[in-house]
Amino acid sequence: MATYLVTGANRGIGYEFCRQLQAHGETVIAVCRTADDALKALGVQVEESIDITSDDSLADLRDRLANRAIDVLINNAGIAKRVTLEDLNFDSI
Ligand SMILES: NC(=O)c1ccc[n+]([C@@H]2O[C@H](COP(=O)([O-])OP(=O)(O)OC[C@H]3O[C@@H](n4cnc5c(N)ncnc54)[C@H](OP(=O)(O)O)[C@@H]3O)[C@@H](O)[C@H]2O)c1
């Protein structure tokens, strides 16, 4: 069994990762800005008030998880943009 950290965990694909990993018996750290009731009800460790675009927020998360080993990072938080591979903006990603 492994410890997974999932960003953007409160809805969409991130929430579904958390739900399925939890059901599979993995240890899940669910990171989000604000946790919905459904995420809170999963029984995973929830870390709220984390905006992944904020350095202060990420430093806060690092401090909260001090010395905690993470096996898998699923850095899912984000927004979908419709661009072609030729038009990818790596800074934006
Ligand atoms: N769905 C698709 O078909 C698809 C296809 C290709 C790629 N993706 C990628 O997969 C990821 C998830 O997609 P989704 O469909 O599940 O999207 P979604 O339903 O819009 O959920 C996005 C998640 O990211 C969080 N988020 C956005 N900006 C954030 C920030 N600055 N800090 C912290 N959390 C932030 C949102 O939190 P809040 O609830 O607080 O807003 C939400 O939990 C995205 O990166 C998307 O680009 C999705």
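## The largest pocket

The largest pocket holds about 880 Å³ of space, where a pocket is an open set of points on a 1 Å grid over the protein atoms alone, fitting a 1.4 Å probe and having protein on both sides within 12 Å along at least five of seven lines. Of its 27 lining residues, those closest to the centre are Ile 52, Asn 76, Ala 77, Gly 78 and Ile 79; a lining residue has an atom within 4 Å of a point. The lining divides into 10 nonpolar, 12 polar and 5 charged residues, with Gly counted as polar. Helix α1, residues 12–23, gives the most to this lining, with 3 residues.

The model is predicted, with local features needing pLDDT of at least 70 and side-chain atom pairs pLDDT 80 or more, while totals for chains, interfaces and linings use all residues. Residues are numbered from 1 along each chain as its sequence is written, and side-chain values use heavy atoms, without hydrogens and water.

## Thr 7

Thr 7 lies in strand β1, residues 3–7, and counts as buried (under 20% relative accessible area, 1.4 Å probe, protein chains only) because its relative accessibility is 5%. Beyond residues up to four places away in sequence, Thr 7 touches Gly 14, Val 31, Ile 52, Ile 74, Asn 75, Asn 76 and Ala 77, contact meaning heavy atoms within 4.5 Å.

## Cysteines

With a disulfide defined as two cysteine sulfur atoms within 2.5 Å, the count comes to 0. Cys 18 is in no disulfide, the nearest cysteine sulfur, that of Cys 32, being 8.6 Å away, which is too far for a bond. Cys 18 is buried at 0% relative accessible area, and Cys 32 is buried at 2%.

Methods:
Helices (H or I, at least four residues) and strands (E, at least two) are DSSP runs, numbered from the N terminus. Buried means under 20% relative accessible area, exposed over 50%, partly exposed in between (1.4 Å probe, protein chains only). Grid points are joined across faces, edges and corners, and a volume is the space filled by probe spheres set on the points.
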